[in-house]
Every structure is written in C-alpha cells, then in structure tokens.
Amino acid sequence: MSEYTLRIRRFDPESGGAAYWDERSLEMGDKRSVLDAILELKDTQDGSIGIRCSCQQGICGSCGVRINGKPGLACNTHLDAAAARAHNGDENVITVEPMGNIPVIRDLIVDMDAVHWKKIRRVTPWLINKEPIPDREYIVPHDNMVDITQPMACIQCGACVSDCLSMEVDPGFIGPAALAKAYRFVGDPRDAEHLERLKDLSEDEHGLYDCTHCFNCVDACPKDVAPMNQIMRLRRIAGEDYHINDRNNGNRHEEAFVTLVRENGLLHEAELLPRSYGGNSWFGKFHPDAGKELMTSLGTVIKAVLRGKISPKIAIFGHKLPSEDMKSLKQIYKVVDGRESRTELNLYITGYEDEDEIPEHAPHADDPTPLVVPDAGAPEAASSAEEPIEPAGESNESETP
Amino acid sequence: MRRESDGRRIAAIKQELGATMNEYVAVFRDADGLAKAHEIILRLKEEAPNAAIDDRGSVFNQDVIAWIELGYMLDVAETTVAAAEERKESRGAHTRTDFPGRNDGEWLKHIDVSMNGSDAPLVTYSPVTITRWEPEERTY
C-alpha cells in the first residue's frame, strides 16, 4: 500500500472551458493497476471522471491512455511501475492523459471512430476470397500463420496511433495500427489480392512510405505487435517481390539508399535525392523528375554547405572509407543478400538479447541465421590452416630438442 | 438529471449488494439467509433511485449508466432471491442447507419469475419437458 496522486487530464465539452488537470490522491496496493485507481476515484470521489474500460485484464483494448507520457493500457500498468517513470520527478505522482492524435470526446475518452477505425477501414480489413471459391477449406501452412501472429495479436487499443510521429505531421497517414492490419492480409496466403493491396498502400501518399522508422509504435504496443516492423515487411514485399515503383518514390529511395551504402560505405547524400526521383543509377540525375527536385532542394544544399554540414568535395565525390572497412561491408551485404528469408521477418519475434542467458541448445532449424560475418581479409586457405596451428607448433617444439 | 440526488454513492450501494449476494445467495443457501438478503435488497431498491450522481453532463455520462445498471442489478438480485426462496430442495448449483435432498416429486418444474407490472416479483411454475435424458440423482 502506498499513497498515489493521480493527475488526470479532464475535459468537459459542455463546459465551454479548456482541458485542466484534476489531482486526486488515494491509498492503494503497488501492484494494482492505474485503471483500478481511476475506477476507485470514480467510485469514491468523483463519478464524472470519464474513462472507457471493459475487461480490465489487457484483452479488450478499451482503456488506452497516456500514463506519465507513455501510451498504453491503464489496466495492465501497475501503479508502482507507472510512478517509477514519472517525468516530472514527483514521487508517486501519476499523470494520466487521453491518447494523442485522436480527438478527445471527454476526459480520457477519445473518438476512436474519427481516427483509428476510419484508418482500419481504409486498408480493407477482411480476407478477399480467391475466385472461384474452392469447394473445400483452405489449408494454410503453419509457418504462414506464425508469420501473421504478430499483427493478429492487435487489440485495437490505439496506443500506437497515439504516439505516431508521422501521423502527428500528416494526420492523413494510414498509421501503424492499420498498416499492421494490412500486413495481416498481405501475409495471409488465402487472400487473393496481395498485389492490389500493396499497390494501393504504396501509391497512397499517406501510405506505406510515410513511416519514418521512429519506433514509437513498437514501444507503445502493449501486445508486441511491433507495427513498424509490419510496415517494413510490407515495403519489402511491395518492392522486392512485386517490384512496385510507387509515385511517392518510396521504393526508389530505399533502393538508392541501399545501393549507395553498398558502393560508398556511407550514404552519398548528393546522389540520394536524384536517384530517389530519377532512378537508381548514376544516370538518375538526368531524369526530368530528378532535375526538378534538385532545383527545389538547391536552397537547402547551399545552406548546408555554407553552414559546414557538408563540404563541396564530399557532396560531389562522396565519402571514402578505408579499404578493409569496405571489404567488411561487402561481406555484410553478401551475408544478408545470401539469406533465403528476409531478416526483418524475425527481428522481434525471437528476442534472445533481452534474456540473461542465451539458450544453450543447438541452433534449431527454424532459428534465424545468426549474423556472422566471416573475416573479410582471410582467404579460405588461411582459415582452414587456423585449426592445426597450435598442435603443429607443439610438435615442432618437441621435435626441435 | 435535474433531480436532487443526495443519497449514498452508487458504488457503495453496489458494494453492499455484492457482499450480500456473496454471503447469503451463493451456492449454499438457507431460509434465514435468503430472508435477510431479501430484506437488504428491498432496502437498497428504495435507496437506489436517490443515489448520488456527480455527472450532470450529457456527453458520455458514465455515472448515469452506472445508476441505470444498478437498478437492473437490484432487479436481477431480487429475482434470484425470490426463486431461491421458492425452491425448497437442492438441485444443481442451488444447495439449500435446510432442504439438502433433491425432490423430484414436488420440484421437477421450472420457477418463472416476472415483474408483471407489480412491485414484488411474481412467481409462477411451468412444466419441464423431458426428452432424451431422464433426470436422475447426481452421484460422485
């Protein structure tokens, strides 16, 4: 039992007044949830505190709020854990606000229809049957189902939408939850319109390529859906499997990025823009789209040079890396390109790093290939000679005397 | 919403109702306990309409919803108690410690409880239709 003070963001649309902070204290067990505390306050102090909730055990996704700045479910956040990350430094003060990016109806209740559900509907969130409809049920390979387990775990709480930085800048962005939902169908072999879905999402200027990899949604999700990863998987499939070159230059930009790092070791900034717009080759800059974009960006480039952010030499010729670094880099590319499956498919599912002990069993067939970069400089003969070096040395010694 | 509401808090009434049902109307029941529960429920039913409502707004007013739900809870509780008092035998999860045996002779019938426009629940019977499975004593 400890005394906790809850600072609840209140808003009454009928009062005509602005939102305000409502501070209330109560005694409660440290392992009770923030939702328990709010409901207790509602029961004993002020019945007009508005918060949506239903299951109270992290299943229904109704009680999404921001607790001490971090979005999540009020029902699966312990009071002591919430108090521990108080950003205002006050002990046992827990700030509870409505989620971001979604209009507030009242107090902690946000208008999920206006944002979240609208975006979910945007991605055609149902399975489109193959034609003709087969006589019998589909048999879906186990691996495919495992593959879409992550997006299927979504409980539609809106925590990821709340803190999506891209959506903050572009409210039209389809957003993490809906794009994760889109992957649920693109990754499902029963769906008949993978290509159409991917085309639609890539060509939408608020679509697939609007994500900026900020990881906020990965942090926010109480169900480990990792929406950003699902977006990256959609991009890989759209670009590498279906070769969709979208009008937002998203895929060209990614290809140019990868190619430039492969060739230069570091990003060649001056080449990136023309290639993203004009095509992924040295000739990209002569494409009319690239020229147009270069002209509009000229001001930024000049500013960057004047402020010493880039030197004209690096801007034109790019960065130079030592040759052994380039060798290691080539090796990384070789290993990654040589894989049968794309690595991001398993990025967050295994998660050995977080555990204290790495399991000692031999690598399982299903485990992702570990990223082992062989010594770039060592030729094959040298590495095979490595093993007998010690015994050979010993025998030499014993022979010499 | 314009009415005065200076009574006890909705949550306090709910809490008392819950505690009562748990103590007297759980699996093991007897006439005394059920009578006590009945009395408390009737008192709470009188009290409930005047329960305190803090929220005077019309947008997402969860306080009023809680108040309406409290009324339903009391109705269901009263119905449960009325039926339990009526069934003077033990059957399934209904165990009367004062009537421990099962009594098919008198009680192989449904008890129907309805409000029927009256204040007190109206208790009637309807016959049980027995199809494939003959009722028999449950033994372990």
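Two strands count as paired when DSSP finds at least two bridges between them. Keep that in mind as we walk through this predicted model, starting with its sheet.

The sheet is an open one with 5 strands, and in chain A their order is β2-β1-β5-β3-β4, with mixed pairing. At the edges stand β2 (20–28) and β4 (70–73) of chain A; each has a single partner strand, so one side of each has no neighbour in the sheet. Going from one strand to the next, the twist averages 35°.

Now look at strand β5 of chain A, residues 93–97, where 4 of the 5 residues are buried. Strand β1 (residues 2–10) of chain A runs parallel to β5(A) and is joined to it by 4 bridges. Here Leu6(A) has Ile94(A) in β5(A) as its bridge partner. Strand β3 (residues 64–67) of chain A runs antiparallel to β5(A), with 2 bridges joining them.

Helix α1 (residues 34–44) of chain A lies across β1, β2, β3 and β5 of chain A, and runs at about 100° to β2(A).

In soluble globular proteins, nonpolar side chains tend to be buried together. The largest nonpolar core here has 35 residues, and those with the most contacts inside it are Ile102(A), Val161(A), Leu179(A), Leu198(A), Leu201(A), Leu208(A) and Leu234(A). Several helices of chain A supply at least two residues each, among them α3 (113–122), α8 (176–186), α9 (194–203) and α11 (227–241). Both domain 1 (2–110) and domain 2 (113–241) of chain A give at least three residues to this core. There is also a second, separate core of 29 residues, including Tyr4(A), Val34(A), Leu35(A) and Ala74(A).

Which helix is largely enclosed by the rest of the structure? That's α8(A): 11 of its 11 residues are buried, so the rest of the structure largely encloses it. The buried residues of α8(A) include Leu179(A), Lys181(A), Tyr183(A) and Arg184(A). Setting aside neighbours within four places in sequence, Leu179(A) is in contact with Phe173(A), Ile174(A), Leu201(A), Gly207(A), Leu208(A), Ile231(A) and Leu234(A).

Finally, a word on confidence. Chain A has a mean pLDDT of 84, and 84% of its residues reach 70 or more. Over residues 346–355 of chain A, though, pLDDT stays under 50, and the model has 10 contacts beyond four places in sequence for that stretch. Residues 361–401 of chain A also have pLDDT below 50, with 19 contacts beyond near neighbours in sequence.

Notes
Residues are numbered from 1 along each chain as its sequence is written. Chains are lettered from A and ligands numbered from 1 in the order in which they are written. This is a predicted model: local features need pLDDT of at least 70, side-chain atom pairs count only at pLDDT 80 or more; totals for chains, interfaces and linings use all residues. Side-chain values use heavy atoms; hydrogens and water are left out. A nonpolar core is a set of buried Ala, Val, Leu, Ile, Met, Phe, Trp, Tyr and Cys residues joined through side-chain atoms within 4.5 Å. Buried means under 20% relative accessible area, exposed over 50%, partly exposed in between (1.4 Å probe, protein chains only). Domain bounds come from an automatic or database domain assignment. Contact means heavy atoms within 4.5 Å. pLDDT is the predictor's confidence in each residue, from 0 to 100. Axes are lines fitted to C-alpha atoms, for helices over the stretch in contact, and angles run from 0 to 180 degrees between N-to-C directions.
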